[in-house]
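Subject: Structure handover

Hello,

Here is the structure for your files, with notes on what was found in it below.

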Amino acid sequence: MRFPVFRKRSKAPSLAPEQHEHRRQKIETLKAGRLAALALSFTSDIIEKYGPRLAGSEASLHAAQEIRSSYEPFCDHSETESVDIDTSFHSFPLQLALYLYPAILSLLLVGLPYLGLLLFLAYLWYAARTLYLYKPIGKLGKHSVEGMNVYAVLEPKQEVLHTLLFTSHHDSAPLFHYNRLDRIAYAKKVALPVLLFLLAGLFNATHMITELLEGRLFAFSLPPIGMGVIGILLLGATPLLLPLRSFYSHEGSPGAGDNLASVGMTVQLARYLHWKKSCNTPLSHTRLIFCSFDGEESGLQGSKAWYEKHKAELGGSLVLNFDSIYHADKLTFLERDINGTQALSYRLARRCVQIAKAMGYEAVSESIPRLAGGTDAACASLAGLEATTLTSVAWDDRSKPSVYHTERDVVSAIDGKAVEMALSIAIRLVELVDSNRLWDVGEMPSPKEQEPEEGDPKLVFTKLTHR
């Protein structure tokens with residue numbers, strides 16, 4: 001008599017190495033929570049290896065190569081492309097103000113206020129185009145370096161009918177020398193120099209109006225004694241503008257949330273969709289492109305160059321850009337970019353909000369606040385693509401700790417749930433695009449909801465920064 005409990009069982013045949021891997025992947029289903037953990041682990045590893053990654057720096061170039069290596073196992077092909085980056089994009093306009101300030105006051109003191117005002121207004125126009133509109137007049141700065149963009153492509157099983165891009169950036173922001181939360185130091189080093197520069201222009205305008213009313217605008221005329229004394233005092237205050245020369249530090253932020261975690265998310269999306277392909281459920285008609293740009297923190301220069309180069313082959317593509325994923329209760333899809341001046345696809349943004357809400361997540365679509373800078377989605381929109389940015393940063397510094405662009409932007413500052421939610425939304429977006437159901441009438445917002453907002457965006461960012 002045999003006892004089944006003690007009966008020796010036959011040994012299962014051993015598996016080949018590739019079968020072991022396939023079996024492991026089928027057991028470990030790579031759900032969004034697991035992908036989020038892998039994305040944050042990727043972020044931590046890159047920061048530990050290379051630290052801060054200023055645009056075009058050696059650290060940024062090494063990180064770009066490792067990002068490409070991370071894409072390679074999951075994509076059909078991957079590439080790196082060099083890009084010329086002007087690292088003085090944000091700093092040069094501030095430094096220029098330091099040299100123009102005494103010139104503007106000197107023109108006032110020698111009786112040429114109209115020339116001083118003209119110089120003042122020309123500077124304001126240049127600074128607004130560069131720092132606010134992100135439309136620089138050439139590269140006036142001399143600090144040019146070679147950065148590196150990375151992209152990888154995952155092809156569908158059948159004919160390509162749709163193209164969907166998931167984009168991010170791997171460079172990190174330079175630190176500010178002066179922290180706005182230290183109000184006294186910030187007032188001395190930033191607010192006071194800006195005020196003095198504005199006063200120089202105001203006094204030129206006042207004296208020019210006086211001369212115009214008296215009918216002697218182009219005649220040699222020294223300013224009144226009182227204004228002349230004030231002008232001399234302002235001219236003597238020129239050293240107070242010196243802090244503008246070093247507004248930005250030569251050190252960078254760790255850049256975990258802004259924006260290396262987003263790069264990790266694109267890598268894990270590639271992993272997941274490659275795994276689906278290995279399980280015989282590939283995408284049918286949707287080509288996926290995963291991008292990590294350099295130079296985002298220097299006026300979006302990396303993405304601008306990339307879209308200009310590939311614009312012809314991307315016609316009709318959709319773009320979901322990830323930037324600054326921090327808080328699970330702050331999911332926001334942008335309808336406008338670059339300080340609210342550049343329109344994105346409100347249709348795609350609001351459709352993504354619908355997708356998020358259908359999954360049980362709270363999300364909104366709105367404009368980026370003024371003075372909050374811009375994201376790489378703006379360059380996609382300028383290239384004629386439907387694009388939006390998914391972000392989950394607390395715009396108001398008082399509601400949650402603001403860590404981006406600071407030394408506190410580390411992995412522990414990121415809510416893993418926010419990363420998981422972003423990945424889930426992205427996966428669902430892929431499914432809807434591939435099944436040709438993204439714009440189904442039954443799933444679209446009502447006509448009233450689709451109307452774009454008119455007028456200027458109401459949000460105003462409370463911290464002067466450049467994203």
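**Aromatic pairs and the core**

Phenylalanine 293 and tyrosine 307 are both buried (buried means under 20% relative accessible area, exposed over 50%, and partly exposed in between, with a 1.4 Å probe and protein chains only). Before going on, two notes on the source. This is a predicted model, in which local features need pLDDT of at least 70 and side-chain atom pairs count only at pLDDT 80 or more, while totals for chains, interfaces and linings use all residues. Residues are numbered from 1 along each chain as its sequence is written, and side-chain values use heavy atoms, with hydrogens and water left out.

The structure holds 14 aromatic pairs (rings of Phe, Tyr and Trp, the last by its six-membered ring, pair if their centres lie within 6.5 Å; planes under 30 degrees apart count as stacked, over 60 as edge-to-face and the rest as tilted). One of them is the stacked pair of tyrosine 71 and phenylalanine 290, at 6.2 Å centre to centre with 25° between the planes. Tyrosine 71 belongs to helix α3 and phenylalanine 290 to strand β6, so this pair links distant parts of the chain, 219 residues apart (helices, H or I of at least four residues, and strands, E of at least two, are DSSP runs numbered from the N terminus). Tyrosine 71 is buried at 0% relative accessibility, and phenylalanine 290 is buried at 0% as well. Phenylalanine 293 and tyrosine 307 make a tilted pair, because their ring centres are 5.8 Å apart and their planes stand at 55°. Phenylalanine 293 is in strand β6 and tyrosine 307 in helix α9, so the pair ties together parts 14 residues apart in sequence. One aromatic cluster is formed by Tyr71, Phe166, Phe290 and Phe322.

Which residues touch the most other members of the largest nonpolar core? They are Phe166, Phe290 and Tyr307, in a core of 94 residues (a nonpolar core is a set of buried Ala, Val, Leu, Ile, Met, Phe, Trp, Tyr and Cys residues joined through side-chain atoms within 4.5 Å). Helix α12 (residues 416-434) supplies the largest share of this core, 12 residues. A second, separate core has 31 residues, among them Tyr101, Phe120, Ala127 and Met227. In soluble globular proteins, nonpolar side chains tend to be buried together.

Leaving aside neighbours within four places in sequence, the contacts of phenylalanine 290 include Tyr71, Cys75, Val150, Phe166 and Leu273 (contact means heavy atoms within 4.5 Å).

Aspartate 294 sits in the loop between β6 (286-293) and α9 (301-310). Aspartate 294 is buried yet has no salt bridge, and the nearest side chain of opposite charge, arginine 53, is 8.2 Å away (Lys and Arg count as positive, Asp and Glu as negative; His and the chain ends are not counted). A salt bridge here is a side-chain nitrogen of Lys or Arg within 4 Å of a carboxyl oxygen of Asp or Glu.

What does the side chain of aspartate 294 join in a polar contact? The side chain of serine 60, at 3.2 Å (a polar contact is a pair of N or O atoms within 3.5 Å; within protein, one must be able to donate a hydrogen and the other to accept it, and residues adjacent in sequence count only if both atoms are side-chain atoms). A polar atom of the aspartate 294 side chain also lies 3.1 Å from the backbone nitrogen of methionine 148. Beyond four places in sequence, the contacts of aspartate 294 include Ala55, Ile85, Asn149, His170 and Gln301.

Serine 168 is in strand β3 (residues 162-169) and is buried, with a relative accessible area of 0%. Residues up to four places away not counted, serine 168 touches Asn259, Cys291, Phe293, Phe322 and Asp376, among others.

**Salt bridges**

There are 10 salt bridges in the structure.

- Glutamate 66 with lysine 49: the closest N and O atoms are 2.8 Å apart. The pair links distant parts of the chain, with glutamate 66 in helix α3 (residues 58-71) and lysine 49 in helix α2 (residues 32-50), 17 residues apart. Glutamate 66 is buried at 19% relative accessibility, whereas lysine 49 is exposed at 53%.
- Lysine 309 with glutamate 81: the N to O distance is 3.4 Å. Lysine 309 is in helix α9 and glutamate 81 in strand β1 (residues 77-86), 228 residues apart. Lysine 309 is exposed at 57% relative accessibility, and glutamate 81 is buried at 12%.
- Glutamate 72 with arginine 68: the closest N and O atoms are 3.6 Å apart. Glutamate 72 is partly exposed at 41% relative accessible area, as is arginine 68 at 23%.

Regards
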